[in-house]
Amino acid sequence: MSKGLVFVLMVGLWIAIVCPSGHARSADRSIRQFHHTAWTAKDGAPPEIWAMDQGPDGFLWLGTGSGLHLFDGVHFEHFQPAPGQRLASIDITAVEVVATNEAWIGYSDGGISHLRDGRVTTFLEKDGVWPGMVVRLVKDRNGALWALSHGGLSRFEDGQWRKLGADWGIPSEMLIELFLARDGTFWLSTTRTIFFLRPGARKFEPTGVIAHHATFTHTPDGRIWVTDNLHGLRPLQDFPAGESRSLWTLKPATGANALAAANYAIDRHGAIWGTDRLRGGIFRFDPRQGPPPTQSLDASDVDVFQRKDGLTSDRSIPILTDREGNIWVGTNAGLNRFRTADILHDTAVPSATAFGYGIAAMPDATYITDGVSLFRAAPNEAARPFARLAESGPTVFFRSRDDALWYGNRRQLVRFRDNKHSRIPFPADVVEQNIRAMAEDGAGNLWVAFPTGTYRLTRDAWSGKLDFGLPPPSIAQSDPSGPVWFGFTDNRVSRHDANGMRVYDTREGLEVGGVEDIKIRDGVVWVGGEFGVARLDGGRFQTVGAGRVAPLFGISGIGWTAGGDFLFNGLLGVVRMKADEVRKAFADPSYSPVYRVYDQTDGMPGVAQQGSRSSSIETGEDGRIWVIGNNGVAVLAADDSDLNNVPPPVAIASVTAQGAVYSNALPLALPAGTSSLTITYTAVSLSVPERVRFRYKMENLHADWVDAGGHREVTYNNLGPGRYRFHVIAANEDNVWNADGATLEIEIPPTFLQSWKFKLLCALAMVGLLWLAYSRRLRVVAERIRMRMSERIEERERISRELHDTLLQSVQAMTLHFQAAVHELPKDLPARAKLEDVLDRADAVIAEGRNRVLDLRTARDCDIGRIIEAITAHVEFDPGVDIRVTTVGEPRALEPLVAEEVTRIASEAIFNIWRHANASRVEIDISHGAHFCLRIADNGVGLTPEVADRGQKEGHFGLAGMRERARNLRGSFHVRVLSGGGTEVRLMLPGSIAYRAATHHTDSW
C-alpha cells in the first residue's frame, strides 16, 4: 500500500475519533433535519402572523395584521364575515377556535369579538373586557373563556365578560402570560413574578419566584417549563404540591445568549420548541436526550433555527403543534412548517458527485464513497470522513463472506479488514479500467467484472478471462447458496455455479429492462430494473412493472425493513410495500397493491441513483436503512409509529353556477335551468397536503366512485332538473381514508320547458298527433278496402250479367225448345213422363242459377241482426237451446262485403256451437259504435286451452279461416275459454271499414 494512502487513512481515523456526531437517533435530530416548508407573500401567505390556532375541521386560523385568514395546507383564504358584518379591527393578536365556524378573536388595540357562522359580536371595555392588546385567549375545562390583555385579566361566563382584580389575587402590575396546565392549574406571570390558580379556586397564589416576563409550557411528563429574561429555560418547581426549591442552578442569562420564549409547542417526541422573542427565530430542546442539565439553559444550550437557516423571518411570535404532529411557526413575513422527515439526509457526504455513490454495510460500520473519499458511519451515528481515495473515479464496494471490504477503481483493488489494507494489482491484460461489478462464489473466489471481461480471483491470483459470450455486467450479487449472479443492461441475468451458466431473459418472464439491482432473500432472487421488479419463481421470472404500479420505475435498489416490508428505490421515490401486498401483486395480475412512497418531500436527496453498479438501498448492521439518491446519501427513518393515522377532515368549499359562487354547505337550491356547475372541495391534511387523494361521486348520476387524485375541483355539465347528492371522501399521505367525507344536497328546479306540466302538454300533443296520424291512416286503409270492395261488387255484377245474358238465357231457351218438343209427344208415351221430369229439374237448375246471380249482384239489405237470426233459424238448434240475440246501439248497415265476411264468420261460429258444443244457451251480442263488435258465446263443453292458444285444431281450419277474414278487414278476432265453461268468440272491426258509407244500387232482372 502506498505511503500516501496510509497517511490519508490515518488522518481519516483521527477525524473519525475527534469529530462529533452529526446525528444519532431520529429523536435526537436537529431542526435542520426536519422537513421545512415556508410560505411567503409570493405563495399567498399573509404577513404579520401574530396568532394561530387549529379548528376541529383541521384548518389553521391565522390572526394577522391584515385580518383573519384560514389555511388548509394548500390555499390561504382571507376570511370574510357574513354580509353586513365586520370585525372590529384587522390587527388580530389572539385567536381561540372553540368549534367549527366558531372562534374568539382578540385585537391589538383591545377588544374581543365572538365569531360564529360568519356573524360577529364584539365586546369592549364597557362590556367587561380590560383595555389594551389582547395577548392570550384560553378556554378552561369548564367552558369558561379567559382573556389576558395588557390591562388585566377578564373572564367570560354565563354570557358576559367580567374584569378580574384584587379579589382574585391579581396584582395591579402589567400581566405578561396566562397558561393553562394539563391538570387545570392556571399560571400567570407579570413583569416581575409568577402566580398560580388551583383548579376550582377563585384566587391566584404567589410563588415568590423572581422572573421577568416569564412564559410557560409543559412536557408530556406533566412538568411545567418556564423561560424569562433573567435565567433562560428551566423546569419550574411544583408550587401547588409544595415544591419551592429548584433542582437546577439558575444561570444568569447574558445578552448574547439570553433565551426567552414568546410561545411554545411540544412535538411528537416530547421536545420543546419555542419562538425566541429576544434573539429571534426558533429553538428546540429535547429534555429526554443526553444527561439531564443541572442549570438553566441559554441559547447556546439549545438547537436554534433562524432566518439565515431558511425561516421566513426572525421576528417570530406564534408557534403550535397541529394534531398530525407538525410544528407551525408564524412570522412577520410568512408561515413555516416543520415536519418530521421520513428520510434524513446525511450532509457529511457531498450532495454532488461525478462518479456516483457506493455503499457497503460492514460489521463495524457502514462505508460510503462518492468516488473521491471514503466515509464511515458508525452504528447509530452520522457518516464521517474516513479516507481520501488515492485516485478519484467510479468505485464499487463489496463485502465478502469473511467480512472484508473490497473496493477499487481504475488502478487497484483494495481489501480492507481488521484495519489493514491490502492492494491487489489488476490482471495483467487489464489496464486502467473501472471495475463494473464484484461477487463471491461459495468457494471464496472473487468474481470481478471489467469492461473488457470478467476474471476470477483465487488466493490473490487471477484466472484468465472468463468467456461467457455475454456483454459486461452492470451489477453482481453473491448467492448465499454459492452461485454468482450478474445483471445486464439488455434485460438479462445470468447464474454461474459449478455446473455452468444459465441465462434468463424475456423468454423466462424477465421484463425489467436494464438490470440495476439483484437481491437474494430467503432463497428468492429479486431483480430491479428500468421498468419494474421481477421475482424468480420455479425457474421462471414474474414481473410487476410500472404499468401496474407506477412508482416501480427505474428501480435501482431493493431492500427490507426490520418488520419485513419491501423497499424499492426508484426514480419516483422509495416504494414501501407490505410483504403480503407484494405477494398478492405477483400472484394476481389484476391486483392493485397498497404502498407508500417516500420522495423529495420526505427528505429524499433527489431520485434513486441510476447506473452506478451499486444497489441504492443498503441496511447497516445497526438496522439503519441507507438510501442513495443522485444528490446524496440518506437514512430512511420512517417506521410504523411515524404513520399519519389522522384521517383528513373533508369540506366542500364552494359551488359555482351561472357565474355565482355559493359557499354555504347547506342544501343548495340553484336557479332554474342550471345545467353546469363547478364544485370545489378540500381536505385538511397539513403534513403532506400535496399527497391528499380524493374520490367523489354524484350519487344520482354515478354508481361508482371517481378517483380524482389530488384534484380539488370537479365540473358537471348537461345536468337536468332534480335533486342531486354530491359526496367526496379523502385520504392522507399514508392512505388513511375519511370514509364519511362531506356531502352536499343540490336541487335544480326545472324551467317551464323542463317542468312536468310542459312535458304533459307535449305528451298530450304527441298523443293527439299520433291519434290524427292513426285516424288518417285508418281512413286511408278504410278507403282502400272500400275501393277494393267496390271493385269486387262491380266485378260480381259484371259476372252476374254475363251469366244472365249468356248461360241462363241459353239454358232457358233450350228448355223451352225441349218443352215444345215434349208437348208434341203422346201423353201416354213413357218417355214423355221422363222428359217432363228432366224439364222440371232443368227449371230448378235455372232457378238456382238465378239465385246465385242474385247473390253476386249483392242484396240491398245488410242488416246483420236479421242475417244472424236467419242463420240461427237455418241451423235448427234443439228446441231446448236458449238463443239470445242482443243488439246494442243504433243498428247500422254494414258494407255488403263486410256483411258477407261477418256472415261467414258468424255462420262458422254458430255451426261449431250446434255441432260440437252441446250447449244449452247461446248468447249473440251485436254492438254498433265507433267499432262494430260481434260476440258469440255458449255454455257448452268449450275448447281445450291448447286449441284456444294455438288458434286451431289439428286438421281443422274453421278458426283459422275466421281469423284470416277478420285480419283482411283490419279487425281483431279472439277466442277464449270461459271460466264457467263454454267458449267465447269476439270479432271487432273499425267502424270506418265496417259501416256502409253510401248505398250501392244494383240492377234487377
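A: Thr-369 is buried, with a relative accessible area of 0%; buried means under 20%, exposed over 50%, and partly exposed in between, using a 1.4 Å probe and protein chains only. Before we go on: this is a predicted model, where local features need pLDDT of at least 70 and side-chain atom pairs count only at pLDDT 80 or more, while totals for chains, interfaces and linings use all residues. Residues are numbered from 1 along each chain as its sequence is written, and side-chain values use heavy atoms, leaving out hydrogens and water.

Thr-369 sits in strand E30, residues 366–369 (strands are DSSP runs of E, at least two residues; helices are H or I, at least four). Its side chain reaches the backbone nitrogen of Gly-371 at 3.0 Å. A polar atom of that Thr-369 side chain also lies 2.9 Å from the backbone oxygen of Ser-373.

Now for the surface. Trp-756 is in helix H3 and is exposed, at 60% relative accessible area. Patch residues have over 30% relative accessible area and no salt bridge, with nonpolar side chains (Val, Leu, Ile, Met, Phe, Trp, Tyr) joined within 5 Å and like charges within 9 Å. A salt bridge puts a side-chain nitrogen of Lys or Arg within 4 Å of a carboxyl oxygen of Asp or Glu.

Helix H3, residues 756–823, also holds Arg-788, which is partly exposed at 40% relative accessibility. Arg-788 gathers with Arg-777, Arg-784 and Arg-970 in a patch of positive charge on the surface.

How values were computed: Areas by Shrake-Rupley, 256 points an atom, 1.4 Å probe, with all protein chains shown as cover. Lys, Arg positive; Asp, Glu negative; His and termini not counted. Charge placed at Lys NZ, Arg CZ, Asp CG, Glu CD. Polar contact = N/O pair within 3.5 Å; in protein donor to acceptor, adjacent residues only side chain to side chain.
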